[in-house]
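Colleague: I have this one open and want to get my bearings. Can you walk me through the sheet and the helices around it?
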Amino acid sequence: MTAPAWLEVLDEALDACRTHGRADLVQRLRRRRDRASGGTRIAVLGFAKQGKGNLVNAVLNAPVCAVGDAATPAVPVEVGYAAEPGATLVGRADERIPVPVERLTGEVGARPAGSLRRVEVGVPRDLLSAGLVLVDTPAVGDPRSPRTAAALDVLAEADAVVLVSDATTVLGAAELALAHHVRTWCPHVVVALTKIDVCPGWRAVAERNRAALSESGIDAAVLPVSSTVRFAAAKAGDQELNTRSGFPDLLGWIAGQVSRPPESRSALVAAVSVRAAAAELVEALRLRAEEAGQEAGVDQATLLNRAQRRADELRRRNGRWQNLLSDEIADLQSDAEYDLRERTRRIVETIDETFDRGDPVKVWDEFGPWLDRALAEAVETTYTFTAERAEWIAQAVAATFGVQYDLDRVTPPESGADRIAEVRQPRIERFKIGQKAFTGLRGSYGGVLMFGLVTGLAGLPLINPISLGAGVAFAAKTISDEGGMRRQRRQAVAKMTAQRHVDDVFLRFSKECRDAIRHVQRKLRDHFTALAEDLADELARERETIIAGSAERERRTARLRREIDRLAGLHQRAGELGLRAGRAPKELPA
């Protein structure tokens, strides 16, 4: 069976990306190839607080996405069709954990950072029954943030994108840059202008957004919508109010994406992806060709001096990243140990307050489980802090090389907080009835004797009502004093036991935390040492190339230009493929 033309073009682009060492483009194109025969996937992207979750909920008339102050997940939420509502957490190792939809936000929030790959939600909606999947992405923000990377990663599998921007302000430079990036990799884009119900001037904002998109060369319609009005219309069953919400236009656009023939859709998204990848490769090769062309006119001595300066810069950079790594790791070890010590110190303060006021006999059953939970939470929090700081260090060191670091490779080992041994209840000495009776008799003896002798001077016998009353009073006082002393001893023993347990946990996990940090340090050191060695080898090869003479440079420049021409031809073929798939020429990204 003959492979379709778009598949051949996509495979050729994959080979080109592999040849030029662009693993990021290879992964993106491979994911596009793998899901070519799937249903329609529409991603919802936007910056924070723009109403993405509300928009997805309003499209489906179902509360499937967290909104407002709820803990929105740092991973994509894929909403597809299911006969019964349900949700599944998909972990990094592709393990699948079913959870009830109503508990989804809490379950996601309880998971450690970085432990999830995505969240899948199924709801019974006719809109989704034709194979449509809506993907609510994490908020776009800092380009170095894992949330932003997770959001943009969705583009590799999206057939269309809804960019969300509220009507309070016009599109800024960052939003226009995002729209341009999205439009480069996705053939169908629409801008949903949200919150028009609270912005009286939304019409002017919509027109200014359309003008800004047009001036930037971005083909994307602007559809004003209000999720609040949509919910009110659905609740009241008011069609006119629903029309005023703007959602019929958005739903019509979504329906248009779903109705596209699968083969045509696959060909179009493949064409757009190939053109985007080819454009990136051509730009990189053009820069290299221009540099090589400039070098061809420079004498060999100048080129050798330039290579020597780059080698000197590499040596200085080696010193900088090594010092940076050493200093940051030392700071991290100190901060992590201080963090754990501070948390355990607060636990010890609570122990002292608890047993200063309470009797271990009465409070230990409740105190023991609390102490175990508090220690586990302190250890887990410290490990989370350590993991996030380790990721920051990795990116800071990588920045000295002008590259990004794969965060999955620097994650410290698990904290092991679930393996903390339970605190053992100390042997608590109780004041039993027999002991109280014996203590009372011992105390009453002095009272009877003392007051019996005094009253004997008045002619009364040794045992008389006064001496007996004194004996009872002395007995009660002795029992009370002995009970108090025993209670203090019990409190001291309980404090000592609990504090020793806290110290044991601190010693163990501060050692494990230091080991985890050293593990991260070794991984980063080995990785960046290898990277520096690769750069040094590259400079050495460049020096050899310079010495070999300008003929090799000219041959290399010619090879680069031939490769640029080949990729330009691939870019053009992809454009023709997109046109045959039914896309107007002006709508294909350049």
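Colleague: What order do the strands of the open sheet have?
Modeller: The order is S4-S3-S5-S2-S6-S1-S7-S8-S9, 9 strands with mixed pairing. Strands are DSSP E runs of at least two residues, helices are H or I runs of at least four, and both are numbered from the N terminus. Two strands pair if DSSP finds at least two bridges between them.
Colleague: Which strands stand at the edges?
Modeller: Strand S4 (96-99) and strand S9 (221-224). Each has a single partner strand, so one side of each has no neighbour in the sheet.
Colleague: Before we go on, what am I looking at?
Modeller: This is a predicted model: local features need pLDDT of at least 70, side-chain atom pairs count only at pLDDT 80 or more, and totals for chains, interfaces and linings use all residues. Residues are numbered from 1 along each chain as its sequence is written, and side-chain values use heavy atoms, with hydrogens and water left out.
Colleague: Now S1. How many of its residues are buried?
Modeller: 6 of 6, for residues 41-46. Buried means under 20% relative accessible area, with a 1.4 Å probe and protein chains only. Arg41, Ala43 and Leu45 point one way, while Ile42, Val44 and Gly46 point the other way.
Colleague: How many bridges join S1 to S7?
Modeller: 5, and S1 and S7 (residues 160-166) run parallel. S1 also pairs with S6 (residues 133-136), in the parallel sense, over 4 bridges.
Colleague: What stands opposite Val44?
Modeller: Val162 in S7, and Asp136 in S6. Ile42 stands opposite Leu134 in S6.
Colleague: Which strands does helix H10 lie across?
Modeller: H10 (residues 247-258) lies across S1, S7, S8 and S9. H10 runs at about 160 degrees to S7. Axes are lines fitted to C-alpha atoms, for helices over the stretch in contact, and angles run from 0 to 180 degrees between N-to-C directions.
Colleague: Change of topic. At what angle do H3 and H8 pack?
Modeller: About 25 degrees, with the axes of H3 (residues 52-60) and H8 (residues 227-236) 9 Å apart. That makes H3 roughly parallel to H8, a label for angles under 35 degrees.
Colleague: Which residues make the contact?
Modeller: From H3, Asn54, Leu55, Asn57, Ala58 and Val59. From H8, Ser227, Arg230 and Phe231. Contact means heavy atoms within 4.5 Å.

Terms used
Angles under 35 degrees count as roughly parallel, over 145 as roughly antiparallel, 65 to 115 as roughly perpendicular and the rest as oblique. Buried means under 20% relative accessible area, exposed over 50%, partly exposed in between (1.4 Å probe, protein chains only).
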